[in-house]
Amino acid sequence: MQAAIIPADPTKPIRFEDIDPAEALHGLVGGDFQLVGLRPYSMNMYVNENGKLERLPLNIRATVLCNWAEAIRTDDYINGDAVVLGPINDDEGEDTGLADVQISWLERFESEHSARNRAGD
């Protein structure tokens, strides 16, 4: 299923990959993971649940998305790489892949975020 990988390193672009969440999430976030619901966007984000304790790098893009979705407190932040998938299927309780419209929205977010960062340099 389609997922968006948001690297903590802001110089690396968001990338889209076909993954099997059951096998890939642990490796993609670098350890045990937790779910952060991005409900207004019908998406879920998975992050390293020990990212702060392990002092993983701040992930500004993931933090912005979580703040927009009011999924974290305004003074909280995301550390480490993040994986974004579609909503959990209520019937089966399993993740779904990103829809084309969600991928387009994330691509636009990436483009605008990158443009802002270049303008601030």
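1. A residue is called exposed when its relative accessible area is over 50%, buried when that area is under 20%, and partly exposed in between. The structure discussed here is a predicted model. By this scale Arg73 is exposed, and Asp75 is exposed as well. The side chains of these two residues, Arg73 and Asp75, form a salt bridge with an N to O distance of 3.0 Å.

2. On the overall fold, the chain contains three helices and five strands. Their order along the sequence is β-β-α-β-β-α-β-α. The radius of gyration is 14 Å, close to the 14 Å that the globule rule gives for 121 residues, so the chain is as compact as a globular protein of that length. Along the principal axes, the C-alpha atoms fill a box of roughly 45 × 35 × 25 Å.

3. Burial and contacts may be considered together. Of the 121 residues in the chain, 40% are buried. Among contacts between residues at least 6 apart in sequence, 54% join residues at least 24 apart. The chain exposes about 7000 Å², and carbon and sulfur atoms supply 47% of that area.

4. How many salt bridges does the structure hold? There are four salt bridges, and one of them, between Arg73 and Asp75, has been described above. Another joins the side chains of Glu110 and Arg61, at 3.0 Å from N to O. Glu110 lies in helix 3 (residues 100-120) and Arg61 in helix 2 (residues 60-68), so this pair ties together parts that are 49 residues apart in sequence. Are Glu110 and Arg61 buried or exposed? Both Glu110 and Arg61 are buried, whereas Arg73 and Asp75 are both exposed.

5. A further salt bridge is formed by the side chains of Glu17 and Arg15, with 2.6 Å from N to O. Glu17 has a relative accessible area of 27% and is therefore partly exposed. Arg15, at 35% relative accessibility, also counts as partly exposed.

6. Helix 2 deserves a separate comment. Its buried residues are Arg61, Ala62, Thr63, Leu65 and Cys66. At the start of helix 2, a side-chain oxygen of Asn59 comes to within 3.4 Å of the backbone nitrogen of Arg61. Just after helix 2, Glu70 adopts a positive phi of about 55°.

7. As for the aromatic residues, the structure holds five aromatic pairs. One of them is formed by Phe33 and Tyr46, whose rings are 5.6 Å apart from centre to centre, with 85° between the planes. This pair is edge-to-face because the angle between its planes is over 60 degrees. Phe33 lies in strand 3 (residues 33-38) and Tyr46 in strand 4 (residues 43-48), so the pair ties together parts that are 13 residues apart in sequence.

8. The two partners of this aromatic pair may also be described by their accessibility. Phe33 has 36% relative accessibility and so counts as partly exposed. Tyr46 has a relative accessible area of 6% and is therefore buried. Which residues form an aromatic cluster? Tyr41, Trp68, Trp105 and Phe109 form one such cluster.

Definitions and conventions: Residues numbered from 1 in each chain as written. Predicted model: local features only at pLDDT ≥ 70, side-chain atom pairs only at ≥ 80, totals over all residues. Heavy atoms only, no water. Buried < 20%, exposed > 50% of the residue type's maximum accessible area, 1.4 Å probe, protein only. Helix = DSSP H or I, 4+ residues; strand = E, 2+ residues; numbered from the N terminus. Polar contact = N/O pair within 3.5 Å; in protein donor to acceptor, adjacent residues only side chain to side chain. Rg over C-alpha atoms; globule rule 2.2 N^0.38 Å. Contact = heavy atoms within 4.5 Å. Areas by Shrake-Rupley, 256 points an atom, 1.4 Å probe, with all protein chains shown as cover. Phe/Tyr/Trp six-rings, centres within 6.5 Å; stacked < 30°, edge-to-face > 60°.
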